[in-house]
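Student: Hi! Could we go through this structure together?
Tutor: Happy to, let's open it up.

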Amino acid sequence: MTIITAVPPPEAPGTAAQIPIGAGGAIPGPLRFLGRALRTLWSNGKARTGLIILGLIIFVAVFAPLLAPHSPTATTFTPYRGPNAVNWFGTTGNGQDVFSQIIYGARVSLLVGLVAGGLATLVAVTLGLIAGYRPGPIDEVLGFVTNLALVIPALPLMIILAAYLQGRSVWTIVLVVAFTSWATGARVIRSQASTLRTREFVTSAAFSGERLFRVVFREILPNMTSLVAASFFAAATAAVLAEASLEFLGLGNPATVSWGTILYHAEQQNALLTGQWVMVFAPGLAIVLLMVSFTLINFGVDALSNPRLREK
């Protein structure tokens with residue numbers, strides 16, 4: 001008698017079984033995951049453009065002492081000069097070089113955008129995951145706090161906080177922006193976490209005795225990579241605009257060199273009336289470019305978790 005054994009068909013070249021991250025599959029190392037994420041983003045045309053713009057801004061911020069032709073705070077030039085061979089973007093009313101201030105200003109604006117966006121995303125992820133995984137009193141309390149933060153207008157709240165805080169440093173702006181920018185991300189992450197908590201791999205992890213934070217951050221969070229990344233870039237974009245707005249209103253430290261303080265001094269010195277239109281146009285364009293880079297990168301974030309959206 002011949003025994004026939006069923007043999008599974010071989011897999012097609014280049015394919016692999018799809019195993020959910022939280023269902024026992026091996027989680028790649030941070031460097032390997034980062035490299036794969038960068039390759040995925042680079043394959044998207046819009047995200048590639050955003051990465052190039054952001055890379056140039058980071059390069060300018062890091063090497064500002066080498067790229068700036070003059071000190072951004074030196075008052076050794078003739079005030080109210082237009083663009084010339086020595087001062088490419090002209091000078092301020094105090095005799096400072098505007099081009100050097102634009103280069104050094106990238107540091108503060110980039111720092112506020114990345115750090116405030118990261119802090120806001122951290123708060124949003126923590127509260128959103130816990131609220132989505134724990135329906136009942138915990139979800140109701142966190143949901144009430146989130147809805148309360150969403151109802152209060154962000155910009156007036158930032159103005160009030162920045163005006164009444166004692167210190168007006170860059171870190172004060174970072175904390176104010178982060179404190180007022182987490183609610184939207186938390187609400188979106190909470191909705192996604194509430195749908196993932198009923199999945200089989202999450203249920204099995206809970207029944208096996210895993211602790212709350214391990215289930216939430218080990219099983220659910222890795223399956224929300226694109227959503228968390230999108231929340232970060234959205235928060236960073238809002239942080240850049242909020243920092244420039246607070247600095248323009250004079251609620252920051254006027255001695256700090258940033259794109260927002262350049263606009264503040266341009267308004268105080270009537271730059272447009274004195275022919276110093278570059279003093280208004282240059283920092284405004286820099287802020288727009290940084291925000292556009294975050295927005296373009298955000299277009300490629302969804303492709304991290306959805307292969308169908310990846311460009312061929």
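Student: Which residues does phenylalanine 294 touch, not counting residues up to four places away in sequence?
Tutor: Phenylalanine 294 touches Leu54, Leu114, Phe233, Ala236, Thr237 and Val240, where contact means heavy atoms within 4.5 Å. A note on the source: this is a predicted model, where local features need pLDDT of at least 70, side-chain atom pairs count only at pLDDT 80 or more, and totals for chains, interfaces and linings use all residues. Residues are numbered from 1 along each chain as its sequence is written, and side-chain values use heavy atoms, with hydrogens and water left out.

Student: Which residues touch the most other members of the largest nonpolar core?
Tutor: Those are Ile57, Trp259, Ile287, Leu290 and Phe294, in a core of 31 residues. Such a core is a set of buried Ala, Val, Leu, Ile, Met, Phe, Trp, Tyr and Cys residues joined through side-chain atoms within 4.5 Å; buried means under 20% relative accessible area, with a 1.4 Å probe and protein chains only.

Student: And which helix gives the most to this core?
Tutor: H13 does, with 10 residues. Helices here are DSSP runs of H or I, at least four residues, numbered from the N terminus.

Student: New topic: at what angle do H4 and H10 pack?
Tutor: At about 105 degrees, with their axes 10 Å apart. That makes H4 roughly perpendicular to H10, a label for angles of 65 to 115 degrees. Axes are lines fitted to C-alpha atoms over the stretch in contact, and angles run from 0 to 180 degrees between N-to-C directions.

Student: Which H4 residues make the contact?
Tutor: Val125, Thr126, Leu129, Ile130 and Tyr133.

Notes: Helices (H or I, at least four residues) and strands (E, at least two) are DSSP runs, numbered from the N terminus. Angles under 35 degrees count as roughly parallel, over 145 as roughly antiparallel, 65 to 115 as roughly perpendicular and the rest as oblique. Buried means under 20% relative accessible area, exposed over 50%, partly exposed in between (1.4 Å probe, protein chains only).
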